[in-house]
Amino acid sequence: MSTSKRKISATGSTAFSKLILKEPSTYAAGTKAVTVALKHAFKEMGVVKSLTGLAQMNQKEGFDCPGCAWPDPDKPSKIAEYCENGAKALAEEATNKKVDAAFFSKHSVEEISEWTDYQIGKSGRITEPMVLYPNSIHYQPISWNNAYGLIADQLHQLEDPNEAVFYTSGRSSNEAAFLYGLFIRAFGTNNMPDCSNMCHESSGVALKETLGIGKGSVTLDDFEKAEVIMVLGQNPGTNHPRMLSALQKCKEQGGKIISINPLAEAGLIRFKNPQEMKGVIAGGEALTDIHLQVKINQDVALLKAILIKLSALDQQRKDIFDHDFIQTYTQGYESFLEHLQDFDENELIKQSGVSSSLIDEAVNLLANKQKIIICWAMGLTQHKNGVENIKECVNLLLLKGSLGKPGAGTCPVRGHSNVQGDRSVGIVHHASIAFNTAVEKVFGFTPPTKEGLDTVHSIKAMHEGKAKVFFALGGNFVSAVSDTQYAADALQNCELTVQVSTKLNRTHTTAGKTSLILPTLGRSEFDTKNGKSRFFTVENSMGKVHRSKGMLKPASENLRSEPEIIGNIANSYFKGNHPVDWLNLSTDYTSIRAKLQEVINDFKGLEEKSKGSGFYLPNNVRKLDFSKLPNGKAQFSNCSLPTHHLQKDEFLMMTIRSHDQFNTTIYGMNDRYRGIFNERRVVLMNPDDIIEFGFTPLEIVDLTSTYDGTTRKAENFKIISYNIPEGNIATYFPETNILVPYNHYADKSNTPISKSVVIKILKKPT
Ligand SMILES: Nc1nc2c(c(=O)[nH]1)N[C@H]1C(S)=C(S)[C@@H](COP(=O)(O)OP(=O)(O)OC[C@H]3O[C@@H](n4cnc5c(=O)[nH]c(N)nc54)[C@H](O)[C@@H]3O)O[C@H]1N2
Ligand SMILES: Nc1nc2c(c(=O)[nH]1)N[C@H]1C(S)=C(S)[C@@H](COP(=O)(O)OP(=O)(O)OC[C@H]3O[C@@H](n4cnc5c(=O)[nH]c(N)nc54)[C@H](O)[C@@H]3O)O[C@H]1N2
Ligand SMILES: [Mo]
């Protein structure tokens, strides 16, 4: 099998910049956040565009923030509803820097691949369609029509539609994603790897099996009404800063917050609301009441210890658990209690790494409260037992009857701004029979039923030459997935790789023999056709669907919207020989919405209902309707403890985000709240471990991981002494993705084990 012969670096430069360390911050946001936000915005977009853009973001008639999926308040807001990192996300998209034909004739893909992700990202917005031909190392311009034709030809050459994979990253609108899924099914495959496979898939699987819907149950209002909010494995100060205002509201109403995290993340400790004078003037507000510094991947041990203690209290008092709720709505309670008896409380506590007295504090708080919300993110999902981590959280909510009432419920905090919408409208590699039947009825073709490939299996298929065309609607596949070198080889094996992108990224360099970059409009930009402006819809983390309409001048006149690109590819492929009118759908988003609501009943009335602050999609948990589950009941789960057999010199590593990045897009080189400036190649290590293993702070080391006899290596990291449990290590994603084995992932959800990678730290040869 031949691979493309280009000399591509899968990871880019491993050189250091100039590390500066300060004390970690004890609070998030404050006026500093506003200054930093504006500085980023002015630098990338200029003053006028910044002020216009930021004023429109997350407002009723404006566009949805391209950052995270945290919802906007239901009541209209006069003040700017954005955060520092939302402003950075906008600045990154609306940057004035351009990547055009001249850029590509100056820089070969071989050269670009040697740059860091930061340098690649800062090159700017792609302005015209580009093609990289076999044996060439320079992208060159191609017309849109020739690009569509090239893709159609290559797809026709495949022996089987399952030789193509179609990736989605969660920024695409509902309309784009629906049309994309439709084309992929019409083409004949379910190979739809999606960024959620690496993200909240574990949440989706766990929630669906226990509660009957793969989404959370709370709305923003519930935050004000909650008595206790637990935040596990999430760093909202950086990744969902607007969530801090919701936590603040909970506190103002007398609610309490328990955070469970190996790190004392600044955003969870104290918050100075940059939108309120009192936050600016006073020292901010304490958020977390009890911080349980759990060891990496010991959440089940910790939760079980809490549940055993609660259960003991309930035996005495009989009113700790909500027995009416358990009786009426759940199944498996007795078996669950029996299962708890298999565990030794002291062993669990020891394993969790948290002191018994702190656990007691949490237990006492939870014992007397009924309105509990549990929030979580990647710290729970990206482990081998990711699904069970979440099921254990559901157990706690079921015991307390904390579902389907105000101030209580599940809150998986989503990542990409429309990742949840993309899944709702059909980006799934195993569609239901009902969905396929509806597609057939509405569009007149029969979708394939064979389960498709998810992310990890797509990489393997490309590596083995079983998949030959890779298509991506957004994202930066090679840097986002595990096992960077393996993934780079896999992509370069392909006959054709196509990326619909806004900005230059590493995956454009790890190209197939032929490769296309199709530049698309960003969310913040005007989308017009025949002089008429178009809007699209998105779904936030709490299942609310609303409109989004770009307001800024597009980065180039030669950009196409995502639905237009998809519709034209489909039209080129089918050459009019298909029941779907692809061109009409690609230009008229209203007609996409009309079809979408016909296929998926939950979207009935989408056109009208998406106006203003939008509408909530149906959610059975909110109504305590578990009729689709076995015996019509919510399910208790008996979860086992994760096992890690570490050698004395091995550590458990979590790969996390710095404050200055959005996934693989690196906004800047600082991680302000953690006190780490101007460097990303760092290893956060417990001070006692540093001494015990004979290292010194700031020592330069290499990291290795060995799975199934294969050793992977990431070079050049500086050790930083940090408040993290012994035996645990933190590094930044994507620099250490090269150490994450592609074939080790969560049971049932197949999410890579990016938060529990077994590594060794090697001294540099002297
Ligand atoms: N600014 C910004 N916003 C973003 C993103 C971004 O990159 N930048 N990414 C978006 C996306 S796609 C997503 S999915 C979310 C990600 O949002 P997060 O999940 O908050 O992101 P991570 O940095 O991966 O942080 C994981 C947190 O879990 C903790 N953790 C790790 N392992 C464990 C564990 O075993 N147990 C527990 N209890 N905690 C653990 C870490 O210390 C860290 O605080 O944010 C979204 N929003
Ligand atoms: N080790 C490790 N790996 C991880 C994670 C981790 O915590 N640790 N997190 C995982 C998670 S949670 C996720 S969600 C994935 C993220 O994986 P991806 O979604 O694949 O990665 P992003 O970095 O968000 O993608 C950025 C690229 O998207 C393109 N883009 C931006 N906006 C648009 C748009 O509007 N339209 C189009 N077409 N393109 C656009 C730009 O070209 C940009 O370069 O990474 C996963 N990988
Ligand atoms: Mo994500």
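1. Phe336, at 0% relative accessibility, counts as buried, where buried means under 20% relative accessible area with a 1.4 Å probe and protein chains only. Phe636 is likewise assigned to the buried class, at 9% relative accessibility. This is a predicted model, in which local features need pLDDT of at least 70 and side-chain atom pairs count only at pLDDT 80 or more, while totals for chains, interfaces and linings use all residues. Residues are numbered from 1 along each chain as its sequence is written, chains are lettered from A and ligands numbered from 1 in the order in which they are written, and side-chain values use heavy atoms, without hydrogens and water.

2. On the aromatic pairs, rings of Phe, Tyr and Trp (its six-membered ring) pair if their centres lie within 6.5 Å, with planes under 30 degrees apart taken as stacked, over 60 as edge-to-face and the rest as tilted. The count by this rule is 27 aromatic pairs. In one of them, the ring centres of Phe187 and Tyr573 are 5.2 Å apart with planes at 75 degrees, so this pair is edge-to-face. Phe187 belongs to helix H8 (residues 174-187) and Tyr573 to helix H27 (residues 562-574), so that distant parts of the chain, 386 residues apart, are linked; helices here are DSSP runs (H or I) of at least four residues, and strands (E) of at least two, numbered from the N terminus. Phe187 is buried at a relative accessible area of 6%, and Tyr573 is buried at 13%.

3. For Phe336 and Phe636, the ring centres are 5.2 Å apart and the planes lie at 25 degrees, so the pair is stacked. Because Phe336 sits in helix H17 (residues 333-340) and Phe636 in the loop between strand E24 (634-635) and strand E25 (650-656), the pair ties together parts 300 residues apart in sequence.

4. Phe187 and Tyr573 also belong to a cluster linked by ring pairs, together with Phe166, Tyr180, Phe183, Phe471, Phe574 and Trp582.

5. Turning to ligand 2, a backbone N or O atom of Val500 lies 2.9 Å from one of its nitrogen atoms, and a polar side-chain atom of Asn663 is 3.1 Å from an oxygen atom of ligand 2. The protein covers 96% of the 920 Å² of accessible area that ligand 2 has on its own, as computed by the Shrake-Rupley method with a 1.4 Å probe.

6. Domain 1 (97-197 + 419-616) and domain 3 (650-763) both contribute residues to the shell around ligand 2, so the ligand lies between them; the domain bounds come from an automatic or database assignment.

Methods
A polar contact is a pair of N or O atoms within 3.5 Å; within protein, one must be able to donate a hydrogen and the other to accept it, and residues adjacent in sequence count only if both atoms are side-chain atoms. Buried means under 20% relative accessible area, exposed over 50%, partly exposed in between (1.4 Å probe, protein chains only).
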